Amino acid sequence: MGNTQEKPPGSGGGGGRSATAGSGTRGRGGGGVDKLQTDRAPGKGVANGRGNIPAGGQEEQGSPAVDTSYLDAPAGALPPHLARLKNEGNHLFKHGQFGDALEKYTQAIDGCAEAGIDSPEDVCILYSNRAACYLKDGNSSDCIQDCTKALELQPYSLKPLLRRAMAYESLERYRKAYVDYKTVLQIDTGVQAAHDSVHRITKMLIEQDGPGWRDKLPEIPVVPLSVQQEHRDKPVSAEVAQARAARAEQEEARKREARFTLLKREGNDLVKKGNFQEALQKYSECLTLKPDECALYTNRAICFLKMNRFDEAKQDCDSALQLEPGSKKAFYRRALAHKGLQDYLSASSDLQEVLQLDPNVQEAEQELEVVTGLLRKSLMDSTAHTPRV
């Protein structure tokens, strides 16, 4: 369920909160409510939020098999019937059925109260998950209430803090959002969403409150070192580890792209200044980042041509044409490389390819006249030096 569930066993979802806890109703964007479904056939439940299955988790006769084993996964200290509600809520949330997930979390919360469950961590997770449903549904006020209840049960719990901050921000209560985001970052400095939000909200608060904006903030609580250490020592679920790895990969790709853009721009500027050796080095670095970029080969070929390194220019153009067989620049610059190598026939062939692709390339037309003259002269010289039999 993305980042919603806080305990690995049976995970897969996050939640939201009903308009009135224990009322058997669920809010829709803070407006009206829909009653819970009570007209299902006895002994039947919901799988995936649609269709009925018998209470034992078996599919009805004639229906395709539905895997409901996730419902029976353990969920902390919750008894099986409440764990089942939580797991079903997680599954529904994961599949985008936030209203139905909200109902399941509400039933689980009510069940904990009725059964006198004394497990603050598990009840905190239920409130936090239900808050996620409200956040997805645009009901920020109820999201804040549920997050606050979760934090009363488990102070400095990361996800309720983060969700409450997002809800405050959506309601333009920027000072409270700022405080929660900063508290999150005391617990885990690696939450990029919190970093981004602090940066964004700081700009808004400066515009709103002027240079003294910090003086108008509520007090930012100091997270105890023991809580920070406990969070660092907390085992990471496979889902969280996968999400972190994906974020790290995205960040690395962003850095590579930024580095590539900078190097290419520097190379282009150096070519304009006539610094071909340095430009060549920039393009070569670019190719280590993107070896399949045709333009890099044709750009580097210019540098080789200007330095009279015709063999290397030809090789770069060959590589470019393997990537883009119809590249006019690659054909034209390879023709210049052939000309430098005094292979006028190959140069002529490449220039004709350019003109077939685009008859309006005047440089190719002019160069073809020059190469044709050189080819004719070389043939005449060859004939003049060939002994007669």
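Residues 24 or more positions apart account for 57% of the contacts in the chain that have a separation of 6 or more; contact means heavy atoms within 4.5 Å. This is a predicted model: local features need pLDDT of at least 70, side-chain atom pairs count only at pLDDT 80 or more, and totals for chains, interfaces and linings use all residues. Residues are numbered from 1 along each chain as its sequence is written, and side-chain values use heavy atoms, with hydrogens and water left out. The chain holds 15 helices and four strands. Helices (H or I, at least four residues) and strands (E, at least two) are DSSP runs, numbered from the N terminus. Of the 389 residues, 42% count as buried. Buried means under 20% relative accessible area, exposed over 50%, and partly exposed in between (1.4 Å probe, protein chains only).

**Nonpolar cores**

- In soluble globular proteins, nonpolar side chains tend to be buried together.
- A nonpolar core here is a set of buried Ala, Val, Leu, Ile, Met, Phe, Trp, Tyr and Cys residues joined through side-chain atoms within 4.5 Å.
- The largest such core has 48 residues. Leu78, Leu126, Tyr178, Tyr181, Val184, Ile201 and Leu205 have the most contacts inside it.
- At least two residues of this core come from each of helix 1 (80-94), helix 2 (98-115), helix 3 (120-137), helix 4 (140-153), helix 5 (158-170), helix 6 (174-187) and helix 7 (192-209).
- Helix 3 gives the most to this core, with eight residues.
- A second, separate core has 34 residues, including Cys294, Phe331, Tyr332 and Leu355.

**Helix 3 against helix 4**

- The axes of helix 3 and helix 4 come within 8 Å and cross at roughly 165 degrees. Axes are lines fitted to C-alpha atoms, for helices over the stretch in contact, and angles run from 0 to 180 degrees between N-to-C directions.
- That makes helix 3 roughly antiparallel to helix 4. Angles under 35 degrees count as roughly parallel, over 145 as roughly antiparallel, 65 to 115 as roughly perpendicular and the rest as oblique.
- Their crossing is left-handed: the near helix is turned anticlockwise from the far one by less than a right angle, whereas clockwise would be right-handed.
- On the helix 3 side, the contact includes Pro120, Val123, Cys124 and Tyr127. Helix 4 meets them with residues including Asp142, Cys143, Asp146 and Cys147.
- By class, this contact has eleven nonpolar, one polar and four charged residues. Ala, Val, Leu, Ile, Met, Phe, Trp, Tyr, Cys and Pro count as nonpolar, Asp, Glu, Lys and Arg as charged, and the others, Gly among them, as polar.

**Helix 13 against helix 14**

- Helix 13 (residues 328-340) and helix 14 (residues 344-357) pack at about 160 degrees, with axes 8 Å apart.
- The two are therefore roughly antiparallel, and their crossing is left-handed.
- By class, the contact has eight nonpolar, two polar and five charged residues.

**Buried residues to look at**

The contacts listed here leave aside neighbours within four places in sequence.

- Ala108 lies in helix 2. Ala108 is buried, with a relative accessible area of 0%, and touches Leu82, Leu85 and Leu126. Asn87 is 21 residues from Ala108 in sequence and 9.9 Å away, C-alpha to C-alpha.
- Tyr174 sits in helix 6 and counts as buried at 14% relative accessibility. Tyr174 touches Glu169, Ile201, Met204, Leu205 and Gln208. Its C-alpha atom is 10.0 Å from that of Arg200, 26 residues apart along the chain.
- Tyr181 is in contact with Leu162, Ala165, Met166, Glu169, Ala194, Ser197, Val198 and Ile201.
- Thr183 lies in helix 6 and is buried at 1%. Thr183 contacts Tyr156, Leu161, Ile220, Pro221 and Val223.

**Positive phi in loops**

- Glu172 has a positive phi of about 65 degrees although it is not a glycine. Glu172 is in the loop between helix 5 and helix 6 and is exposed, with a relative accessible area of 56%.
- Asn308 also has a positive phi, near 60 degrees, in a residue other than glycine. Asn308 is found in the loop between helix 11 (294-306) and helix 12 (310-323). Asn308 is exposed, with a relative accessible area of 56%.
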